[in-house]
Amino acid sequence: MKVELVSITPNAEDLIERACRTCYLSFDRYDPPKSTAELIRKVIRKGHHSVLEHASATFRIKGGSRVFTHELVRHRFVSPSQESQRYVCYADKPDRKKTKDFEYQIPETVKKSGSEQVFQDGAEAAYNLYEELLSKGVPPEDARYILPNATTSEIVITANFREFRHLFAVRCQPRAHWEIREVCLQMLTIMKREAPTVFCDFILDEDNVCASIDPGKLQA
Ligand SMILES: Cc1cc2nc3c(=O)[nH]c(=O)nc-3n(C[C@H](O)[C@H](O)[C@H](O)COP(=O)(O)OP(=O)(O)OC[C@H]3O[C@@H](n4cnc5c(N)ncnc54)[C@H](O)[C@@H]3O)c2cc1C
């Protein structure tokens, strides 16, 4: 899976500090970068998280399955734009060339179980039927019913920093499903670089397979 940062609020942490100082009219204490880091840690500690909504980021994610995208779009403050299986066509049809090749994810557990070939045969059989339906004039929006959940789907998402903190808290932990966890870990790594204070309490484990929250990192 490929995760790319498309856009992010410029000087995001500075914007958050200035928005926050409006609440208290405390611009006399504006002394970045020290005041920025101190104030952001303080508001997160105290649960004054709405100020984090002033900054947002947009990611393009390629190679994830429809299983993963379905989990991602359940998050109500994540704005998605996703590859449409109505308009994107994975096989030639009588009046049109295909938009892209049919691709799908194979979970590691399937590979380790020795079932990779069976899995591929099943996916290819579904695809062959999809292709046949298109050749008989069934539109992609109906032929897609036969495609597996494993089918990959490109998606662009935008969310504010408050929602990213929530997303990482619930989807970077070991109980989250591996695919959304892998994507969220990649996004977290980028966000820790782009907004180090806002995400300072998220700690990636040594193997980079999950992240935990260390409230101690928010202390002054
Ligand atoms: C480990 C795990 C297992 C899961 N298993 C299942 C499952 O088996 N079946 C299933 O259907 N789903 C499952 N989900 C998905 C889950 O139910 C949610 O749909 C998903 O996590 C997105 O919702 P959210 O509450 O996390 O917050 P978001 O939609 O990301 O919203 C962020 C926050 O905003 C607030 N918020 C948003 N909407 C409201 C509202 N209407 N009222 C009050 N506060 C609101 C809440 O504080 C919320 O936490 C699972 C999620 C996880 C992380």
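Helices (H or I, at least four residues) and strands (E, at least two) are DSSP runs here, numbered from the N terminus, and two strands count as paired if DSSP finds at least two bridges between them. Before going on, keep in mind that this is a predicted model, where local features need pLDDT of at least 70, side-chain atom pairs count only at pLDDT 80 or more, and totals for chains, interfaces and linings use all residues. Residues are numbered from 1 along each chain as its sequence is written.

That bridge belongs to the pairing of strand S2 (residues 56-62) with strand S4 (residues 155-160), which is antiparallel and runs over 6 bridges. Now step back to the whole sheet. It is open, has 4 strands in the order S1-S2-S4-S3, and its pairing is antiparallel. Strand S1 (2-8) and strand S3 (79-82) each have a single partner strand because they stand at the edges, so one side of each is left without a neighbour in the sheet. From one strand to the next, the twist averages 20 degrees.

Two helices pack on this sheet. Helix H7 (residues 161-171) touches S2 and S4, and its direction makes about 110 degrees with that of S4. Helix H8 (residues 178-194) touches S1 and S2, with its direction at about 40 degrees to that of S1. For these angles, axes are lines fitted to C-alpha atoms, for helices over the stretch in contact, and the values run from 0 to 180 degrees between N-to-C directions. Contact between two residues means that their C-beta atoms, placed from the backbone, lie within 7 Å.

What do the buried residues of H7 pack against? They pack against S2, S4, H8, S5 and S6. The buried residues themselves are Phe161, Glu163, Phe164, Arg165, Leu167, Phe168 and Arg171. Buried means that 20 or more other C-beta atoms lie within 10 Å of a residue's own; exposed means 12 or fewer, and partly exposed is in between, with C-beta atoms placed from the backbone.

Next, the ligand. Around it sit Arg74, His75, Arg76, Phe77, Glu163, His166, Val170, Arg171, Arg175 and Ala176; a residue counts as near if its C-beta atom, placed from the backbone, lies within 6 Å. Sorted by class, this shell has 3 nonpolar, 2 polar and 5 charged residues. In that scheme Ala, Val, Leu, Ile, Met, Phe, Trp, Tyr, Cys and Pro are nonpolar, Asp, Glu, Lys and Arg are charged, and the others, Gly among them, are polar.

Alanine 176, one of that shell, lies in the loop between H7 and H8. Alanine 176 counts as partly exposed because it has 19 C-beta neighbours inside 10 Å. Setting aside neighbours within four places in sequence, alanine 176 contacts Val170, Arg171 and Arg181.

The peptide bond from proline 32 to proline 33 is cis, with omega near 5 degrees, and proline 33 lies in the loop between helix H1 (12-24) and helix H2 (34-46). Asparagine 11, in the loop between S1 and H1, has a positive phi near 45 degrees. Asparagine 208 also has a positive phi, near 60 degrees, and is found in the loop between strand S5 (202-204) and strand S6 (211-213). With 12 C-beta neighbours inside 10 Å, asparagine 208 counts as exposed.
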